[in-house]
Amino acid sequence: MTAHFPFDNSYGRLPARFFTRQAPAKVAAPRLIALNHDLAARLGITLPADHTEMAQIFSGNALPHGADPLAQIYAGHQFGGWSPQLGDGRAILLGEVVAPDGARFDIQLKGAGRTPYSRMGDGRAGLGPVLREYIVSEAMAALGVPTTRALAAVTTGEIVLREAPLPGAVLTRVASSHIRIGTFQYFAARRDTEALQALCDHTIARHYPAADGPLGLLQAVIGAQARLIAQWMGLGFIHGVMNTDNMTLSGETIDYGPCAFMDDYHPETVFSSIDQFGRYAYANQPQIAVWNLAQLATALLPLIPDQAEGIDRFTAAIEGFSTHFDAAWERVLRAKLGLATHAAGDGDLGRDLLAIMAAQRADFTNTFRALSGTDPRKARDQLIDPTALDPWLDRWQARLAHEERDMPARSAAMQATNPARIPRNHRVEQAIAAAHADDLEPFTRLMAALAHPFDDDPALATYTLPPSQAERVTATFCGT
Ligand code: AMP
Ligand code: MG
C-alpha cells in the first residue's frame, strides 16, 4: 500500500509573507522507532506496511503526495524579552490533513533541517527531546488534556551536537494548528494590518467559527487557555517555557521541552534548567497566561477601528481571565475531591488540602489517587506525618455526607479524574537513556503504561512509584 495523506493545505494559501516554502533536508539513514497507529487511523492517513518506506516519509526524505512543505514565521516574548522574529527553525509543516470527521490537523516534522528562521541552530533535534515530546504529549492526550500529538518518531542515522553528541531524530507532530500568540505578534510588530486581518480570519474559521471578530477571538482563546491551564495544574503539570511563541490560539498544549509533572507537591516547583528565576513555576502559570494573552490583545488591537473602545473592551476581556480560570480551577478541584454538588467552602477545602500536601511533601498524583480509592485514609501514607491529614479527612467526610452520590459512584468518578499513572520524570529519563543505548523496550513499556492512565493495573504498579533519591530528576532541558 502506498502512503495516502488527505491533504488540504490552507495555511499555504495565506499570503507569501506568512512562511517560507522549504522542503525537509534529507537524512543519512532513517529508522522508524515509533508509530502511532491509532492516531494515523483517526487522521485518515494510510501508510505503507514497510518500515523502511515509513522511515523515508517521517524523516522527510520522501514527501507524501499532496504535501506543500513550509516553515512558518512568528515572533514572541521569550522569558519576557521580545524577539521580533522567530519562526520554525527546525520544523517543517508538510501540510494539513482533513480527517474523516472533517477535523483539520497540521502534520509537521520537527527536526527536519535548517530554514531561514534557524538563526544559530542546526535545524535538527536529538533523540532525547523527540522521545520526551512523544511520551509526554501522548500521555497528556490519554489524560484528556488538549495537546499536540505525536504520530511518529525516526532516528536519522546522523549525530547532532549538543552538550554531547546525540543521535539525531525527527518527530512528526500533529496539531489542530501551529498558530501561536507569536504569529499575531509578528505581524502586529510590523504594523501589517492586512496580514493580521487575514490571520485573524483564518484562525476564527479554523478554531472558533462562532467568534465575532477580533474581540470574539480573544475571548474564545482566553476561555480555552483558562481551561487548559486549570487542567495542567490539576495534574501537577509544569510547562516550563510558556513563551508567547509556545502558546497556541487553539488552546492545545504545545512545545514539550523542559516540561515535567511534579512528584511531591509544591506550588513553587520549577524543573527547567533555563528558568533561573522561576518565572514559569507551577503556581505562576495562570498569571503568565494572562500576561501572554495581554500580548495577544495588544497584537489584535490594530484591527479595531475605534482604538479607545477597543482598549476598553480588550482590557475587560483580559481582566475576565481570572474569572474563567477560577471557575475552571474550582471545577477541577471539585472533581478531584469527588464533589458533585456545590457548597460554600469547597474551594477552601481543596486549597487547604494542597497546603497540607505542600508542607508534607506529599506525592501529588498518589495522594489524589489514594483519596479516590475505597479506603481514602490510605492517602495519609503519602505524608511525612500521616496524622497531619486527619483533621482535613474529617472535614472532607463531613462535606461528603451532604452528597447524594454513594461511595462506589464517587470513587469511580474520582478515579476517572485522578490518574494512577503520569509520565514521571525519572521514567522518561530512563526510557531516553535506554534508547541512547539502542534499547527501546523501556520506551515501549512506558507508552503502554501511560495509555490508560485512569485504570488500576497491579501489573503496572512500578509506574506509580515516585523516584527514589537516586532516581530523582531535579532539572529538565530543552535540548535544542
Ligand atoms: P523553543 O524553545 O523550542 O520554543 O524554540 C524557540 C525558537 O528556536 C523557535 O523559533 C525554534 O524554531 C528555534 N529553534 C530551537 N531549536 C532549534 C534548532 N536546533 N535549530 C534551529 N532552530 C531552533
Ligand atoms: Mg517553541
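Predicted model: local features only at pLDDT ≥ 70, side-chain atom pairs only at ≥ 80, totals over all residues.

Me: Is Asn246 buried or exposed?
Reply: Asn246 is buried, because its relative accessible area is 10%, and buried means under 20%.

Me: And Asp255, buried or exposed?
Reply: Buried. Asp255 has a relative accessible area of 13%.

Me: New topic. Where is Arg191 found?
Reply: Arg191 sits in the loop between α4 (181-189) and α5 (193-207). Its phi is near 50°, which is positive, and Arg191 is not a glycine. Arg191 is exposed, with a relative accessible area of 74%.

Me: What is the phi of Asp438?
Reply: About 70°, a positive value, and Asp438 is not a glycine. Asp438 lies in the loop between α14 (425-436) and α15 (441-450). Asp438 counts as exposed, at 60% relative accessibility.

Me: Now the helices. At what angle do α6 and α9 pack?
Reply: Helix α6 (residues 213-234) and helix α9 (residues 321-336) pack at about 35°. Their axes are 8 Å apart. The crossing of α6 past α9 is right-handed.

Me: Which residues of α6 and α9 meet?
Reply: From α6, they include Ile222, Ala226, Ile229 and Met233. From α9, they include Phe321, Phe325, Trp329 and Val332.

Me: How many of the contact residues are nonpolar, polar and charged?
Reply: The contact of α6 with α9 has 10 nonpolar, 5 polar and 3 charged residues.

Note on methods: Residues numbered from 1 in each chain as written. Chains lettered and ligands numbered in written order. Heavy atoms only, no water. Buried < 20%, exposed > 50% of the residue type's maximum accessible area, 1.4 Å probe, protein only. Helix = DSSP H or I, 4+ residues; strand = E, 2+ residues; numbered from the N terminus. Axes fitted to C-alpha atoms, helices over the stretch in contact; angles between N-to-C directions. Left-handed = near helix turned anticlockwise from the far one by under 90°. Contact = heavy atoms within 4.5 Å. Nonpolar A, V, L, I, M, F, W, Y, C, P; charged D, E, K, R; others polar.
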